[in-house]
Amino acid sequence: MHTSHTYDAKLAYYHITQLAIPRLVDSTGEAEVQDYIVEQFTALGLDVSWEPFSFTKFPAEVLPRILSILFVPVVLFVPWFGERFPVLLCLACLLSLAIA
């Protein structure tokens, strides 16, 4: 591995292609990227250590579904509330779409 301080566009592109692969948590892509990073750091003479951690998928997977279900009534009541509160209803619909 090159340790010079000059910019090498081809080397930068190579690193990007090694890191920019689909990698969900606990997938083979994630393991490949981890191995690549460890390999590169080790080549630079750095010590690599692993630290365990835990996380929850709730905010990313479950919460948007729950919020989408909560906004379904808003979308269903568009014809009834549309004439009375058009701006508020438009904002609620936009929020529903953003969450979905």
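Trainee: Is valine 72 buried, exposed or partly exposed in this model, and which relative accessible area goes with that?

Mentor: Valine 72 is partly exposed, with a relative accessible area of 42%, and please keep in mind from the start that the model is a predicted one. The residue sits in helix α3, and although valine 72 and serine 96 are 24 residues apart in sequence, their C-alpha atoms are 7.9 Å apart in space.

Trainee: Which class does leucine 70 fall into, buried or exposed?

Mentor: The general idea is that a residue counts as exposed when its relative accessible area is over 50%. Leucine 70, which is also placed in helix α3, has a relative accessible area of 55% and is therefore exposed. Its C-alpha atom is separated by 8.8 Å from that of serine 96, 26 residues apart along the chain.

Trainee: Where does leucine 67 lie, and what is its relative accessibility?

Mentor: Leucine 67 lies in helix α3, and at 29% relative accessibility leucine 67 counts as partly exposed. Between the C-alpha atoms of leucine 67 and cysteine 93, which are 26 residues apart along the chain, the separation is 12 Å.

Trainee: What describes the way two packed helices are arranged?

Mentor: Two packed helices are described by the angle between their axes and by the distance between the axes. Here, the axes of helix α1 (residues 9-19) and α2 come within 9 Å and cross at roughly 145°. The residues of this contact divide into five nonpolar, three polar and no charged. On the α1 side they are Tyr14, His15, Gln18 and Leu19, which meet Val33, Tyr36, Ile37 and Gln40 in α2.

Trainee: Which residues form the nonpolar patch on the surface, and what is their accessible area together?

Mentor: The patch is formed by Leu19, Ile37, Phe41, Leu44, Leu46, Val48 and Trp50, with about 620 Å² of accessible area together. Leu19 and Ile37 are also among the residues where α1 and α2 meet.

Trainee: Where is phenylalanine 41 placed, and is it buried or partly exposed?

Mentor: Phenylalanine 41 is placed in helix α2, which covers residues 28-43, and its relative accessible area of 41% makes phenylalanine 41 partly exposed.

Methods: Residues are numbered from 1 along each chain as its sequence is written. This is a predicted model: local features need pLDDT of at least 70, side-chain atom pairs count only at pLDDT 80 or more; totals for chains, interfaces and linings use all residues. Side-chain values use heavy atoms; hydrogens and water are left out. Patches are made of residues with over 30% relative accessible area and no salt bridge: like charges are joined within 9 Å, nonpolar side chains (Val, Leu, Ile, Met, Phe, Trp, Tyr) within 5 Å. Accessible areas come from the Shrake-Rupley method with a 1.4 Å probe; for residues, only the protein chains shown count as cover. A salt bridge is a side-chain nitrogen of Lys or Arg within 4 Å of a carboxyl oxygen of Asp or Glu. Helices (H or I, at least four residues) and strands (E, at least two) are DSSP runs, numbered from the N terminus. Buried means under 20% relative accessible area, exposed over 50%, partly exposed in between (1.4 Å probe, protein chains only). Axes are lines fitted to C-alpha atoms, for helices over the stretch in contact, and angles run from 0 to 180 degrees between N-to-C directions. Contact means heavy atoms within 4.5 Å. Ala, Val, Leu, Ile, Met, Phe, Trp, Tyr, Cys and Pro count as nonpolar, Asp, Glu, Lys and Arg as charged, and the others, Gly among them, as polar.
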